[in-house]
Amino acid sequence: MSALRMQMISPRTVRFLSRGRSEFLAGSNGAQRSGGGPSVRALTSPPLSYSITRRSLSSLSGTRRGLPKEKMSENGVVPRAKVLTIDTMNPTVKNVEYAVRGPIVARAVELERELSEGMKKPFVEVIKANIGDAHAMGQQPITFFRQVLALCSYPELLNDSAFPEDAKSRAYYILQSCGGNSMGSYSPSQGIDSVREDVAHYIERRDGGVPCDPDNIYLTTGASDGIMTMLKLLVCGEGANRTGVMISIPQYPLYSATLAELGAVQINYYLNEDKCWSLDISELQRALDEARHYCNPRALCIINPGNPTGQVQSRQCIEDVIQFAEKERLFLLADEVYQDNVYADGCQFHSFKKVLYEMGPEYSNTVELASFHSTSKCYMGECGFRGGYMEIINMDDDVKAQLTKLVSVRLCAPVPGQALMDLVVNPPQPGEPSYNSFIKERTATLSALAEKAKLTEEILNTVQGIHCNPVQGAMYSFPRITIPEKAIKEATDNGQLPDMFYCMKMLEETGICLVPGSGFGQKDGTYHFRMTILPPIDKLRILLSKVKEFHQKFTWQYS
Amino acid sequence: MSVLQQISPNVRNTKPSECTVLLRRSSQIKEELRRGVRRAYEKVIDVYWGDSHQTGVKPLSFVRQVLAACVYPELINSDKLPVDVKQRAQSLLRECARGSVGSCTAAAGVPEIVHRISEFIMKRDGGAPSYPENIYISPGSQWSLMNILKVLVNSEASPRTGVLTPVPCYPVTNLSITALGAVVVPYYLSEGQGQGWQLQVHELHQALESAKETCNPTALYVINPGNPSGHIQRRKSIQEVIQFASEKRLFLLADEVYQDCIHGEKSEFVSYKRVLAEMGPPFSDTVELASFHSVSKGIMGECGLRSGYVELVNVDPAVMKHIHILFSKDGCAPVLGQIALDLMMNPPQPGDPSHPLYHMETQHIRTTWVHNVKRVCEVINSLPGFCCQPTEGGSFLLPRLYLPPKAIQKAQEVGMQPDMFYCVKLLEEAGVLVSPGCEYGQKPGTHYIRFCITTPEDIREEFLKRLTSFHVQFMKDFS
């Protein structure tokens, strides 16, 4: 398989992508970008003239905004050049792109505003199916979790008979572990001790008794904090010795963005779309062998269940990956935030940790692994709490000391998020007052997701020109779309990537906000979009039929 | 397979805190006491961090009531909470997607909250305009600072980027700077005899001159009110710093997280943003400034919620675009923290049902601070070999220790900095956890300890009792 045929997400491509954004960030038009010289923008002038909300602009009178410039021209003072310009800023940061919140989303926000101002559109609401934010799509929080967190927030409520006893005793237990019995105190940088112990017990239960040391657990600000921290720790060397990190294509753009920021080399390995986005070891080998010519590959990132691709890795595949990592001396980063989101029959989540231990001491004593989890996905969907943990296995003691030093920079993870993580790893037990309702709520959410995963796949596959692999797990479908030549040409003429062009048109005509596949990476010449399966089932049906209708119209229009 | 030689050189090169040992020992002792091991004290008094809840200060009822109602909206229908609390929770939930604090927010934060922050800033700064587009909420001010530094520090340039930081300085900032591969350029604050610490511009000149050979100084970091120095800059001093930054082409990083911690009788906090705006052109439309604030300090003291914001002024639009992407990549700041920030900007007003209690609680906290500072300074200044400069703001005192030569010698024998040696003994023998001056940087041959003064009164008295008897004994032992 030739890599030449495939589209690499190189910095150049990323810069190309970013051109689309400038349309929506009116403050950054071409003239200013290329100039890089003195700018006349004043203290009182906002750098981005697009408004985040209607309110943000309405309060600013035109006079006040213009005043300083008038003064300046009176004085005739030539302002000094800026310290920080596009030419002097950190060059690696310039290469950072983040499609999940990219130009499509900016436009969606704008459309919402226009709708609220009464502007006529071909749709009545914008549906943001771009981001895995379950609560924003109407998923209900787990009552027990919220009760405990409310009690921890305002412990006076511990005297309130309306709260179940197990929620109270749990809140009491968490507060006992907080400095001054308050969630408002800093915790140790690595996280609250008792929470780390509970996480360790959870992992042991999940992995059928494989031991877990609380010292290896770090509580983080969402999983992304942990991922960024580990990558930062790993990246070193110059030139052909620069650290290379293997990531799947398609991938979650946090990885490419962080690697760009760190100036690390991104090594792409392609998932096999024809085999339900599975991972082939031969492809890993190809990518690695090619990369060894120009960098020092040191880490391999796996997202299981997959984002955006929704595949669930088989136990055998995980074993093969571990063998590969051992043979090639790669540090494994296992992003397992969707571990409870497994829907397809015959699929099961296997943690890398468990498989590693089952492979025997030859592997379990040597292969270095960091595994990530979060409170944002699964049946909880509590993105706003920014809770998460990572478990570090077989890490050199001295390096662990360095890691502990590195995490101290952000002082500690949010304590309410830590408390929530504790509840997730230690939910109500049989016999406790909240057990039944907890199980009922969790089951309802997970079975609804399973139903929606199936529905999405079924309906999308009825559309000619759309092919959707089974959504075995996670929260997204990543269907392949056929874009007619004429549309590709028009997009290219406009300086847009074809799938961006497609998604933007979809947004303008239907109000549906998706992320183009190019934001995640895809084989050259193929086009996709990522859509969450999160909307309530009735709404999802409407959404899917609108997608279907749009695709048919689009295809007809450009053929 | 060890990867030690292969980790990020920037991370490897950052100096681990000397206090790691001290903090580890303190956790051990706390754990032993919990298990019932007998020591000369029953509890460790921990005044190491600027963490008032940790020392026993109660959270503000209004803040926690609103948070509880947002977390568990059933409470809005109950009679357990005051009406204005319920209303506030309701309106905040309307600003969260589908009324859940579990939803993500926009990268910069809940737009309405960001908007109200800009209104707060405008009011605070006597009308100097503030725009929501320039504000980003993040998981704590240190996180925002890190993001701004990521943009400022050129990771590929030689010579490396330099950032001027004060001595003494909050050490986490220096850690962040070195972890990004930049060079810390120290400038000394002057310890005026009896007038407290001061920032003097000639020290900035000197620092800049000395750095020019080794790095490319790009930014100037100031902490006002000072940590750990407790000084508050006057308007004139801020003007001088702005002029200096303008002349020397430095990006200003103003850490203003202690802006609400003012205890000097005639002291007033003036923000860098305000002074910059008042200076008019060419300064007001050219000098680039990032100003940081947080819910962790001040009256609220909600460190654990991890919430703060940065306001950017005069930053190039093309650069703003990349700053926006950096914050987007991080996901959003914790929503409860964002809500706390909103409550900090918009506390209950006279006439609101919650106002009387809120007023009482905040007044109590403020008067306790003022008393604490006065009382602790008096006691410390009455002790031999101890001298405490008057402070006006911040959460800390930083008294100077004049250690006997024998103590210094003993410290050297055991391989510790003299003030670290003092702190370790203070912890072991008296169960008081403070931090040594060496953690913050100090002039050679000078020694300090730092501790948090935002404690309840009874803790303060117990602290003073233990410190006094320890100190007297220490001085006697090493005389």
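Student: Hi! How many residue pairs are in polar contact across the interface of chain A and chain B?
Tutor: The rule finds 35 residue pairs in polar contact across that interface, both residues being at pLDDT 80 or more. A polar contact is a pair of N or O atoms within 3.5 Å; within protein, one must be able to donate a hydrogen and the other to accept it, and residues adjacent in sequence count only if both atoms are side-chain atoms.

Student: Which helix gives the most to the side of chain A that touches chain B?
Tutor: That is helix H7 (residues 143-153) of chain A, with seven residues. Helices (H or I, at least four residues) and strands (E, at least two) are DSSP runs, numbered from the N terminus.

Student: And how do the residues on that side of chain A divide by class?
Tutor: The side of chain A that touches chain B has 53 nonpolar, 32 polar and 28 charged residues. Here Ala, Val, Leu, Ile, Met, Phe, Trp, Tyr, Cys and Pro count as nonpolar, Asp, Glu, Lys and Arg as charged, and the others, Gly among them, as polar.

Student: Before I go on, what should I know about the model and the numbering?
Tutor: This is a predicted model, where local features need pLDDT of at least 70 and side-chain atom pairs count only at pLDDT 80 or more, while totals for chains, interfaces and linings use all residues. Residues are numbered from 1 along each chain as its sequence is written, chains are lettered from A and ligands numbered from 1 in the order in which they are written, and side-chain values use heavy atoms, with hydrogens and water left out.

Student: Thanks! How many residues does the contact take from chain A and chain B, and what area is buried?
Tutor: Chain A puts in 113 residues and chain B 113 residues, with contact meaning heavy atoms within 4.5 Å. The buried area is about 9800 Å², and carbon and sulfur atoms give 62% of it. Buried area is the accessible area (1.4 Å probe) that two parts lose on being put together, summed over both.

Student: How many salt bridges are there between the chains?
Tutor: The count is three between chain A and chain B. One of them joins the side chains of Lys150(B) and Glu261(A), at 3.1 Å from N to O. The rule asks for a side-chain nitrogen of Lys or Arg within 4 Å of a carboxyl oxygen of Asp or Glu.

Student: What area do the two domains bury, and which side chains meet in a salt bridge?
Tutor: Domain 1 and domain 2 of chain B bury about 3000 Å² between them, 55% of it on carbon and sulfur atoms. Asp260(B) and Arg366(B) meet in a salt bridge of 3.0 Å, N to O.

Student: How many helices and strands does chain B have?
Tutor: Chain B has 16 helices and 16 strands. Its radius of gyration is 23 Å, close to the 23 Å that the globule rule gives for 479 residues, so chain B is as compact as a globular protein of that length. The radius is taken over C-alpha atoms, and the rule is 2.2 Å times the number of residues to the power 0.38.

Student: Last one: where are the cis peptide bonds?
Tutor: In chain A, a cis bond joins Asn307(A) and Pro308(A), with omega about 10 degrees. Pro308(A) sits in the loop between strand E5 (296-303) and helix H13 (315-328) of chain A. In chain B, the bond from Asn227(B) to Pro228(B) is cis, with omega near 5 degrees.
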